Amino acid sequence: MSDAATPPLTIVEIQRRVGAELDRIGSVIDELGALFAEAGEELALVGGPVRDAMLGRLQNDLDFTTSARPDTTEWLVSGWADAVWDMGRDFGTIGCRKGPWQVEITTYRSESYDPTSRKPDVDFGDSIEGDLGRRDFSVNSMAVRVPSREFVDPFGGIVDLAERVLRTPGTPEDSFSDDPLRMMRAARFAAQLGFAVAPEVVAAMTEMAGRIEIISAERVRDELVKLVCAPHPRLGLTLLVDTGLAAYVLPELPALALERDEHHRHKDVYEHTLTVLEQSIDLEHRLGNGPDFVSRFAALMHDVGKPRTRRFEAGGTVTFHHHDVVGAKLTRKRMKALRFSNHDIDAVSTLVELHLRFHGYGSGEWTDSAVRRYVRDAGDQLERLHILTRADCTTRNQRKADRLRRTYDSLEERIERLSEEEELAAIRPDLDGNQIMEILGLGPGREVGEAYKFLLELRMDEGPQTPEAAEAALREWWASRPE
């Protein structure tokens, strides 16, 4: 992971970076700007692309703001772009593609929330300054007029970007009243950019945390996913917990900060969880390129069953028996409330439920049968389970950590060996349903399913069977069944 403690930038360095980035995309912004200027309309590159240009990391997604209404915008770009589409005409946005560039052009606007509404009221505006004033943070409230490339920064965004701090263009109370989701966005941008959040913004988030309840679960979910997949998720998650926002959007997280007392001292499960998340991120390279939400969210949720299962035993010890099973149920419930897909819910819940399974491995005492079941139960989440299990070791005892790592290395080697020998990922009984019905003289029904399950358990226990051996075992099992 990159270091969140990046030193402040200088204004000169920022100006150098943005100039170089604008030159790189000049063919797009100058042509498009000229089209709008000839029609008597204003156009400016705005928001995230300007911020990212200043950070030297501009991507191919370009956002513009304009004085033109959506119909005019669509007419102007139709002869210039390779493709044009209506992204949200009611919100003033027209999308298009020019070569590798994905472009969104939105009419100057202002939007705010009614205190009881989940959806913003949108009105078109008359000036770029008014449009910038309605945006979430000053670092996102900068623009570059095109084709003149005049810099517009009425709220000091370039200074805040140089100092790596998040502030709102106006008062944070007004900003968060207009759109409470901006409180989540503060945490997300802290996680993405590694920026600090201004004290007055933190204070407003704390005071107004309950306002997040008027925002739809889908919008909250989307911000949470972006936060978790950011380079510095600890920064954003800590901000959510400290301001009280997490109590509304992910209450299982602050619940991990378990109570302590002088008689029952134990590991801080909240800090342990954040460490596991960071360690799982360090292992993500095993899954390929890019952040993996399922892996990260499983790390974040793996111990959420502990508060419900905590027990103080004689002698001052603390136990969390069955917190894996309880945690999986809590995870499933929370993800459903946040409108996650069934695929993501099943994947994360499976990982939470299985995250302790390895600790029954001991020093390698598992039979091949147990290893097969480990692989079968993990299914297509096996590689993520490897990551979660390894990341869950946060002991400071280096000898213990090395022993656990070596033991898991041994388990992975056994899985690989058995997989080569037996194709574990596609494990099936040695006889299929049609063969079972032919051997036992049965038609389709419950008894065929029971026979299939028996043969699958036999395959797990004893490994691959010849068709003759499987048939003999099946006939013996069938004959011994009670009437």
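Visitor: Which residues of H19 are buried?
Guide: Leu382, Arg384, Leu385, His386, Ile387, Leu388, Thr389, Arg390 and Ala391. Buried means under 20% relative accessible area, exposed over 50%, partly exposed in between, with a 1.4 Å probe and protein chains only. Nine of the ten residues of H19 are buried, so the helix is largely enclosed by the rest of the structure. Helices are DSSP runs of H or I with at least four residues, strands are E runs of at least two, and both are numbered from the N terminus.

Visitor: What should I know about the model itself?
Guide: This is a predicted model, where local features need pLDDT of at least 70, side-chain atom pairs count only at pLDDT 80 or more, and totals for chains, interfaces and linings use all residues. Residues are numbered from 1 along each chain as its sequence is written, and side-chain values use heavy atoms, leaving out hydrogens and water.

Visitor: Back to H19. At what angle do the axes of H13 and H19 cross?
Guide: Roughly 130 degrees, and the axes come within 8 Å. H13 is residues 269–282 and H19 is residues 382–391. Axes are lines fitted to C-alpha atoms, for helices over the stretch in contact, with angles from 0 to 180 degrees between N-to-C directions.

Visitor: Oblique or roughly parallel?
Guide: The two helices are oblique to each other. Under 35 degrees counts as roughly parallel, over 145 as roughly antiparallel, 65 to 115 as roughly perpendicular, and the rest as oblique.

Visitor: Which residues meet there?
Guide: Val276, Gln279 and Ser280 in H13 meet Ile387, Leu388, Arg390 and Ala391 in H19. Contact means heavy atoms within 4.5 Å.

Visitor: New topic. How many disulfides?
Guide: The count is zero, taking a disulfide as a pair of cysteine sulfur atoms within 2.5 Å. Cys96 is buried, at 0% relative accessible area. Cys393 is also buried, at 19%.

Visitor: And Glu223, buried or exposed?
Guide: Glu223 is buried, with a relative accessible area of 4%. Glu223 lies in H10, residues 217–228.

Visitor: What is Glu223 in contact with?
Guide: Leu181, Met184, Arg185 and Arg188, leaving aside neighbours within four places in sequence. Glu223 and Leu181 are 42 residues apart in sequence and 8.4 Å apart, C-alpha to C-alpha.

Visitor: Last one. How many helices and strands overall?
Guide: The protein has 23 helices and 13 strands. Of its 483 residues, 49% count as buried. The C-alpha trace spans about 90 × 60 × 45 Å along its principal axes.
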